[in-house]
Every structure is written in structure tokens, then in C-alpha cells.
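I am opening this notebook to record what I looked up in the structure.

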Amino acid sequence: MKQLMLGNAAAARGLYEAGCEFISSYPGTPSTEITEEAAKFKDIYCEWAPNEKVALESAFGASLAGRRAFCGMKHVGLNVAADPLYTASYTGVNAGLIVGVADDPGMYSSQNEQDSRHHAIASKIPMIEPSDSEEARVFASLAFEISERFDTPVLYKMCTRVAHSQSIVQTAERAVPEHKPYEKNVAKYVMAPANAIRRHPFVEQRMKDIEEWSLTSGINRVEKAAAGSPLTGTGVITSSTSYQYAKEVLGDSVDILKLGMVNPLPEKMIREFASGLKKIVVIEELDPIIENFCRTLGLNVEIHGKDMFPICGEFSQNMVAAAFGKTVPAGKKLDESIPVRPPIMCAGCPHRGMFYALHKLKVTVFGDIGCYTLGSVPPLSAMDVTLCMGASFSGLHGWNKCTGGEHEKKSVAVIGDSTFMHSGMTGLASIAYNQSNSTVIVLDNSITGMTGHQQNPTTGKNLYGDPAGRVDLEALARAMGIRRVRVVDPYNMAECETAVKEELSVNEPSLIISRRPCALLKEVKHKPPLTVDTDKCRSCKACMKIGCPAIAMKNGKAKIDVTLCVGCGVCSQMCKFDALKEQGAARA
């Protein structure tokens, strides 16, 4: 049956059809929906892991048990999973193992723009890359076949545009292969040095074998230009969405080598493709990996790539057209300019009260990865640095060990509940173990908010929303050696300010848990929206200092947007003139 499918949904469908039975992932845009969509198939066990390393190790265990397994993550998550990934390249697999990774050219939801192909090359693991939803479906099955045929994990690379765009998919029935029995093999699976050194030659030969297989498998293909084309003599090598842009703009006016496997690259096929051409243009987003490979081959042809296309950001049809000297249609302009809408914490966001307290106290704030990173945005501007998942606690520890004194008394770290479970626990353990005088704050909104409300080990629910084991943050912190642990309500701004002041004043590590559920959770019951008593409003704009999108100034007076306001009352605590009041009945 033909269906219009999101790329991530098609990937999940492909996993289902290929007989995948185990999925462990950590949510990360743009990869998240693969696991969420796969969870809709009752024949696949799916879970959220605390982090990507755990997800890959769990999927590896499922593979050893003879079940086809998958783990998914975004590009920066692959950094976290790199440790097991590189060694799993040596051990190989039992049943098929796919590692899904989604890159984010343009950094729509990421802290960097890294190219995951580097991990494939460095780990010596094959990487395949679909260019639309149908290939996302088909390549999932193909990846399992490659994995089992060549005894290797397979990297399955998506990107934002393929993951979050839709195209036609031809679905098929599910086929579960016979379970592969586990056989003890110490030389293969125990990666002590003596065993690992014997596995390395196998890995090198495996990559050569996969490259040879790719030449006739159809995963890479040549599309010839039409006879009499004005661009005869020019060839394009490309993959992923860049292929779609090239086809839309260039059609059959050039020879195209479309790559579905981007590691290992097919040397023989590229040489044959270049034969008889005058010029090759490599169209690839981010780093010039294909281009540089072509240059190492010593081809007797002009090679262009990053001299025509940028190394940063997403490509587009217009970019390809301009590079080939084609007319780019003039864009249409609106008569009125649209004001910029910067990202900001939602109305009623439980993090707002704590961030205002930190802003007011003028402390240095080590931040982390999550929707609370928006605490760095004006007017709160309450964050000084954000590096990577889990880095806030560790960074503060190093800062305090080196600064001490007054600097130590004016610095804190913040992290979300999900990110704390991901990689913040080890930072807290270091603070407790090495005894830096650090005040750290867990912003516990009872969900993984930034990626769309996924559960995590602190919520008491699993991926399906069913009851699950729940980590007690207070007990965990005390077990790590943190003696000072307190919980505050971030809607109570005085409580937040007092807690931060008091914990900064002591000479030992301390943890503040700022606990209130995300305002967007369906089960959260809101108070009535507030209204403004215009007679009492003095136009002081104190309520505007918290940066709530539900508050604006109209005709010199504060005005509440009742469609956004959740009645949290944070703004009313800012008003010295009692101008902000509740109205109406409670609503869900």
C-alpha cells in the first residue's frame, strides 16, 4: 500500500518490516520520531534509555541475544555513544544491529553542526544515507542485511530535511528472520588487547568487502544525462537531500552518481563515473568528505565542491541553481515586514522564577542542554555558558576549584531532570567526591521537554506512559554524598531567591531541586488566567522583566493574553501595586 510518510515514520516502518524486535534510544531532534513511531508497532519493544551510550550498549546486548536491534540518536548523541560504537566495530554482531543518527545541517535544534560521516570513517563502520522517505524504509531492511552479512553494526544516517519531510512510501509486510542463537566466543566478544589486535585485520578486510559489494548492490547508482545535453561532460556526485535538489534543478542534464552508501565510498565506481567527463561537481552538505576522497584518487578531471557550495548550513534548490549559473526566481516580498519572533520560554514555564532569581542575584550560571537554555535569552539573560549534555555541573566544579573565594560564592550550575540522568550524575559525583564548594540546581519539570515531552527515569513512566521505576533525585544526591539537598517551587520567587542565597553562603556542596511540571503537560491543571487592574497599574514594566510571552504593554498599561496565561502568578509577585489579579474559573 502506498502512503505519504514522514521520513522518520518511514524509517520506523522499515524497521518493523525488517523484523526489528528491540529499540533503545535517547530522544534528540531530528531523530526522536523514529522511536516514537516504532513504539506504535506492538511487535517491537521500545524504550528510552538514560543516554545514547546506554541505548547502544542495550541494543548490542539484544543483538547478541539474536534479535535484530536498533538505537537512535541525533548527531551529538553519537559522540556520547562513540565508546561502544568504536569497539562494536571490532566485535561485530550476532543479529543485525543498526545505529541511527540524524544530523542537523543549519543547527535548527542543535549546539553544533558536526558531520556524522567522520564517525563512520573513524570507527570503520559502513554508513548508509537515504534521500527520501521510501529510501528511509527500504534502507532499514538493507542495513540489517549488511549488518548480518558482514558481521558489523551499520550506521543509518538521516538529516533534518529527510527526517521531517514527507514523500510516498510503498509499504510491505513484516518478516522476522529466524533468531540467531548466541554462541560463546571469547576471542570475538571479549575485547581485551590480545583479542582486539586479532579483530583489527578483520575490520579492515570487512570494509574492503563491503565496498566491493556496494558496486553491484544497487545502493549506489549512476543516472546518465539525456543525449545532447548542454552540460555534457559534467558529472555530479551527491547523496541525501542534496541529490533531491540536484535532480530538481538539473534534471537529466548531467550525469549523476547518487550515493546511498557514504562509507566506504566506491572507489572503482567513482573512477568509472569520472572516465570521459571533463568536470565533476560534488554536492554535499557540511564537510567535503566525498570531495576530498575524489581528490585523493588522482582523477584526470576538474573537481569542484566547496569552491561552489558553502561548508556551513543547509543547501537548497536555489543554491544549486545559482552554482550552475541558472536563473534563480526572485522571491516575493510581503508589503509589511514581519517582526522577528525569537525563541523564549513558554508562558507558565516553571524555570522562569528560578532564572529570575539567578538574574537578580547576578550570579555566574553554568547552563546545560534543554529548553531551559532559553534562560540565556533577554530579558532574563541568566546563563553564561552552555557546552554539552551534562557539562554544567562538571564545569562549575572546575571553575570553583580554580577561583574559590568570592567567585565561588557567586556561581551556580543548572541542569534539567532528563539531562541530569543523561550525564549530569557523574558531574555531581565529582563535586561530592572532590568536595568543591558548588551550588547546583536541577530544574525538574517532570519530563524531557525540549524534544517533545518524552519520559525519563525520574518521571515514573516508560516510553508508553506505563508505570515504571522512578529515580528519587533527593535520595540519589544524598547517596552520592551531597548532604545539603532542598526542594523549592519555582513559582515561589522569594523561596527560590532565599534558597540560592543560603546555599551559596555555606562551605560545602549543595543541591537545589526546582520542582514543578512543565506547563504544557496535558495532565497539569492550570489556575485561571490573570487580568490587569488598569487603575492600579503604574506602567512600571516590572512584570515585563520576567520575559513571559503572555504579558505585553498596550496603551501604556500591562495587558495579559488570557489565551496564553496559565495563572502561575510569577508576574504578580513582581508587581508592587497589586495590579495583577485572577479572573474566571479554573481551567484544564
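**Entry 1: Surroundings of α13**

I looked up the neighbours of α13 and found that its buried residues pack against α6 (117-123), β10 (234-239), β11 (255-259), α12 (267-274), β13 (279-283) and β14 (302-304). I take contact as heavy atoms within 4.5 Å. Helices (H or I, at least four residues) and strands (E, at least two) are DSSP runs, numbered from the N terminus. The residues of α13 (residues 289-296) that are buried are I289, I290, E291 and C294. Buried stands for under 20% relative accessible area, with a 1.4 Å probe and protein chains only.

**Entry 2: Basis of the values**

I record that this is a predicted model, in which local features need pLDDT of at least 70 and side-chain atom pairs count only at pLDDT 80 or more, while totals for chains, interfaces and linings use all residues. Residues are numbered from 1 along each chain as its sequence is written, and side-chain values use heavy atoms, with hydrogens and water left out.

**Entry 3: Nonpolar cores**

I looked up the largest nonpolar core and found 64 residues. Such a core is a set of buried Ala, Val, Leu, Ile, Met, Phe, Trp, Tyr and Cys residues joined through side-chain atoms within 4.5 Å. Those with the most contacts inside the largest core are M354, F355, L358, F393, I441 and I546. Helix α15 (residues 351-361) gives the most to this core, namely six residues. Leaving aside residues up to four places away in sequence, F355 touches M345, Y372, G375, L380, A382, M383, V414 and L443. A second, separate core has 41 residues, among them W48, A163, W213 and M261.

**Entry 4: α7 with α10**

I found that α7 (residues 133-150) and α10 (residues 193-217) pack at about 135°, their axes 11 Å apart. Axes are lines fitted to C-alpha atoms, for helices over the stretch in contact, and angles run from 0 to 180 degrees between N-to-C directions. The angle makes α7 oblique to α10; oblique covers what is left after under 35 degrees (roughly parallel), over 145 (roughly antiparallel) and 65 to 115 (roughly perpendicular). L142, I146, R149 and F150 of α7 meet F202, R206, D209, I210 and W213 of α10.

**Entry 5: α3 with α5**

I found that the axes of α3 (residues 52-64) and α5 (residues 82-91) come within 9 Å and cross at roughly 25°. The two helices are therefore roughly parallel to each other. K53, L56, E57 and F60 of α3 touch D83, P84, L85, A88 and T91 of α5.

Key
Buried < 20%, exposed > 50% of the residue type's maximum accessible area, 1.4 Å probe, protein only.
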